Amino acid sequence: MPRKSLWSILASLVVCVAMSCSEGERRFGYVDTARLLSQYGKATIVRAELDSVASDWASEIKRQAEMIKELRQELIMPSADSKAADIEVTRIRMIREEIAHNAMRNTLQDRLMDLETEKMSPVYATLNTALADYGQENGLTIIWGATDSGNIVFADEEADLTDEV
């Protein structure tokens, strides 16, 4: 089992044991964060914008890949009247295009991640505030996020074991 998973299980166990041993009633809940985001209008708008940008950039990357494929084909099967100098020019052009293609793909991936962070941060802040308000209004101690990493999206300060651990 991966080390991260063991730590997650141990942390969950410590929290559960501490909560069951503490005085007072503790209430827990969870939210399906993927479903929550899919139902929140602002999140779906931002996701659509990001998908559109990603699609445009993917089209450009695909266009470059096709050009590289054509250059590679010219090198594999040169025409009968191709000269060695022409083949070398094509080879150098293909290498330059591959370098530019890889750089563009990496840059666009980084830009897309930055854009997602920029656009989704206000969405997450709004949802986190709503979840904290809901948790406090309904007497919840912890609200877990049903994600791959099992994040806590709200926790009453009484549930914080940091100083004890």
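Hi everyone, a quick definition before we start: a residue counts as buried when its relative accessible area is under 20%. Please also keep in mind that this is a predicted model.

Let's begin with helix H3, which runs over 41-76. H3 has 36 residues, and from its first C-alpha to its last it reaches 51 Å, close to the 52 Å expected at 1.5 Å a residue. Which residues of H3 are buried? They are Ala43, Val46, Leu50, Trp57, Ile61, Gln64, Met67, Ile68 and Leu71. And what do these buried residues pack against? Their partners are helix H2, at 33-39, and helix H4.

The largest one is made of seven residues: Ala43, Val46, Leu50, Leu115, Met120, Val123 and Leu127. H3 and H4, the latter covering 84-137, each supply at least two residues of this core. H4 gives the largest share, with four residues.

Have a look at Leu115, one of the core residues. If you set aside neighbours within four places in sequence, Leu115 is in contact with Leu50 and Val53. Leu50 is itself a member of the core.

Now let's move to another spot on H4, where you will find Thr90. Is Thr90 buried or exposed? Its relative accessible area is 14%, which is under the 20% cut-off, so Thr90 is buried. Again leaving out neighbours within four places in sequence, Thr90 is in contact with Leu71, Glu74 and Leu75. You have met Leu71 already, among the buried residues of H3.

How values were computed
Residues numbered from 1 in each chain as written. Predicted model: local features only at pLDDT ≥ 70, side-chain atom pairs only at ≥ 80, totals over all residues. Heavy atoms only, no water. Core = buried A, V, L, I, M, F, W, Y, C linked by side-chain atoms within 4.5 Å. Buried < 20%, exposed > 50% of the residue type's maximum accessible area, 1.4 Å probe, protein only. Contact = heavy atoms within 4.5 Å. Expected span 1.5 Å × (residues − 1).
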